[in-house]
Amino acid sequence: MKVVIVGGVAGGATTATRLRRLDENAEIILFERGEHISFANCGLPYYIGNIIKDENDLLVQTPEKFKERFNIDVRIKQEVIRIDRNNKKVEIKKKDTGETYFETYDKLVLSPGAEPINPFKDVKSDRIFTIRNVNDAEKVKAFIKSNNPKSAVIVGGGYIGVEMAENLSEYNMEVSIVEKAPHLISIIDNDIAHFVHKEVKKHGVKLYLNQGVNKIEEQEKLVLTLDNEKIETDLVILCIGVRPESNLAKEAGLTLNEKGAIIVNSKMQTSDENIYALGDAVEVQNIITGARSGIALAGPANRQARTVANNIEGITSTYDGFIGSSILKVFNYSLGIVGLSERVCQTLKIPYKIMIISPYSHATYYPGAKMLTIKAIYNSETSQILGAYIWGKASVDKITDILSIAIQTKMKAADLSALELCYAPPFSSAKSPVNILGNAIENEINDLVDTISVEELRNEEKPYILDVRTIEEYNLSHIDGAINIPLDELRENLKKLDKSKEIVVHCHSGLRSYLACRILKQKGYNVKNLIGGYIMYDIMKND
Ligand code: FAD
C-alpha cells in the first residue's frame, strides 16, 4: 500500500501517524509546501504575544522525528500541483529549484487546509498581515520589533481576531477591531457578545462594529476607509475568515460545493474512491441540524484523520459530523460555545427557549470561586439541550465539554439534573452548575415558574417590575421604575403588589427571584422571572 498525503499539519500529519500505527509496511509520503510540518497553528496568536516564547515549542513534530519514529517520508517545501486520477499519480514542484516530478499512489489523502481571505492583496504594503503558519507569525513579530508600531487594527472580530487583539495588547500599542457584524464572534448570540465586548474594552481594545473595511491605502500610516469613517494605523491584521484550498481537487474534477469545499462521504472519501479529503478543506454535516458546511477547527480535523486512516487500512469507520464545540480565551475570561445559537433556531424554525444561570465554579466557602454565566438554548417542546454558552474565569472548559456531550447525546433537562458529576469544595458544588442548569430548565418546563428574557422585557410597554435584591443592592443601581421588596421581607409585604398585573421579578442572578416567584405564584400572582437577572439586564443596557 502506497499512500500519498498532501498537507503536513493537523489533518495530514495525524493521518500519516495513524496509518503507520495500523500498517508497518505501508509506504507513506507526506508533502508539505511550507517549511514546517505538524505545527501548532492554534498557538500562533500566543506566539505573537510572547506568551509562547520559543518558536520550537510550536513545532509538535519535525520531518526528522517523523522519519525516525514513524518511518514516514516527509518532503517539505514541495507542493503537489496536479493530480492525474487516471494514472493514480501526483505531480510535485520543489519550491527551492522549481523542478517537478511525479509520484504514484494507491490512496491519496488531501488535507490542504484553508487560506485566510485577503480582499486587499492588491494593496502594496509590508504592514498588512494574515496569520496561517509559523512564517506569518514570524513576519508580524519581526515587523513589531523593527518598527515599534503604536497602533494596530484587526479586521474581523472572530475567534482569531479576538485572540490577536489580546496578544497585540501585550505590546504597548493601541489595538482596534473592525467587525462588519453587529457584535464580535458573529456566530454567537447578541446577549453573550456583550460580555466579550465589556472585557475587550476593559483592556483598551477599541471596537468598530457594524462596519466593513472598504479600502486600505498605504500612506505615512495605513488609512482604512470604513463604512462611516476613516481610521489610521501602523499595522493591519486581516482575520476575515478562511476559504478552502481546494484548487488541486477542483482541477482534478473532484466534486466541490458552491463555496469550494470538497464533498466527502462519512468515510471521508471524495467523489473518487481512491482519494480521501479532510480538515478545513471539506464539507461536513452539522449533526443537530443536518446542514452541511465547513468547520475550520483542529478537533474535527484530527478525528477525521483517524477515520481516513482506518478506512484506508480496511477498518470501517465514519465521521458523522460536528456540533461546533469551541472555546476562546478573552483576556481574563473564557467563552465556551457549543451547539446551536438562538439565530440558527429561529432560521430553522426550531421551537426553543433560553435559560441563563449564574452559579459559582465551586463551593463559595472554598477560596477562589468565580461566578459563571451559563446560557442554554433548549427545545421548548421536548427540553432537549440544543446549544450553550459558558462565560467565566474558571471551569468554563469543563462545563462546555459536559454540555457538548449532553448535546451530542441528545440529553434533555431532566438528564442534566440527574447527571452524577464529581465534587469536592475546591472543584465544584454538590449541585454542580450543570445540575443547576437542568433544574432551572425543568422548573420552567414543569410550570413551576414562567420566565421572560431581557429582550422580551424591553418590548413590553410599561412593565411592572419587582426587584427582590437588598435595599443596598437596589440603591447602587436598579431598573427604572422597579419597586424594591427584598426577598426576605416579601411575605409580609404581599399587599403592596398589584395582583391584577403581570409582575416581572428579578434579583442579581435569578435565584432569589425564583424563590420570590414561587411564593408569589402560589399566592395567586401572575409572575415571571427575569432570565439571568440584573446581570443580564445590566450587561445589555448599553445596546
Ligand atoms: P492545515 O492545518 O492548515 O494544514 C494544511 C497544510 O497543507 C498547510 O500547511 C499547507 O501549506 C499545506 N498544503 C496545502 N496545499 C498543499 C499542496 N498542494 N501541496 C503541499 N502542501 C500543501 N482550531 C481550533 O480548534 N482551536 C483553536 O484555538 C484554533 N486556533 C487557530 C489559530 C490560528 C491562527 C489558525 C490559523 C487556526 C486555528 N485553528 C484553531 C484552526 C485549525 O488550526 C485548523 O482547523 C486545522 O489546522 C485544519 O487542519 P488541516 O489539516 O485541514 O489544515
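This is a predicted model: local features need pLDDT of at least 70, side-chain atom pairs count only at pLDDT 80 or more; totals for chains, interfaces and linings use all residues.
Residues are numbered from 1 along each chain as its sequence is written, and side-chain values use heavy atoms, with hydrogens and water left out. Local features were required to have a pLDDT of at least 70 and side-chain atom pairs were counted only at pLDDT 80 or more, whereas totals for chains, interfaces and linings use all residues.

The shell around the ligand holds 28 residues, of which Gly11, Glu32, Ser111, Asp280 and Ala298 come nearest; a residue is taken to be near the ligand if one of its heavy atoms lies within 4 Å of it. Taken alone, the ligand exposes 1000 Å², and the protein buries 88% of that (Shrake-Rupley areas with a 1.4 Å probe; for residues, only the protein chains shown count as cover).

Two or more residues of the shell are given by each of α1 (10-22), β2 (27-32), β4 (78-84) and α8 (298-312), the largest share, three residues, coming from β4. Helices (H or I, at least four residues) and strands (E, at least two) are DSSP runs, numbered from the N terminus.

Helix α10 (residues 396-408) has 13 residues and reaches 18 Å from its first C-alpha to its last, close to the 18 Å expected at 1.5 Å a residue, the expected span being 1.5 Å times one less than the number of residues. Its buried residues (under 20% relative accessible area; exposed is over 50%, partly exposed in between; 1.4 Å probe, protein chains only) include Val396, Ile399, Leu403 and Ile407. The buried residues of α10 pack against several elements, among them β23 (333-339), β26 (385-392) and α12 (433-445), with contact meaning heavy atoms within 4.5 Å. Just after α10, Lys410 takes a positive phi of about 55 degrees.

Asp272 is placed in the loop between β18 (262-263) and β19 (275-277) and counts as buried because its relative accessibility is 10%. A polar atom of the Asp272 side chain lies 2.8 Å from the backbone nitrogen of Asn274, and Asp272 touches Arg85 and Leu254, not counting residues up to four places away in sequence.

Notes: A polar contact is a pair of N or O atoms within 3.5 Å; within protein, one must be able to donate a hydrogen and the other to accept it, and residues adjacent in sequence count only if both atoms are side-chain atoms.
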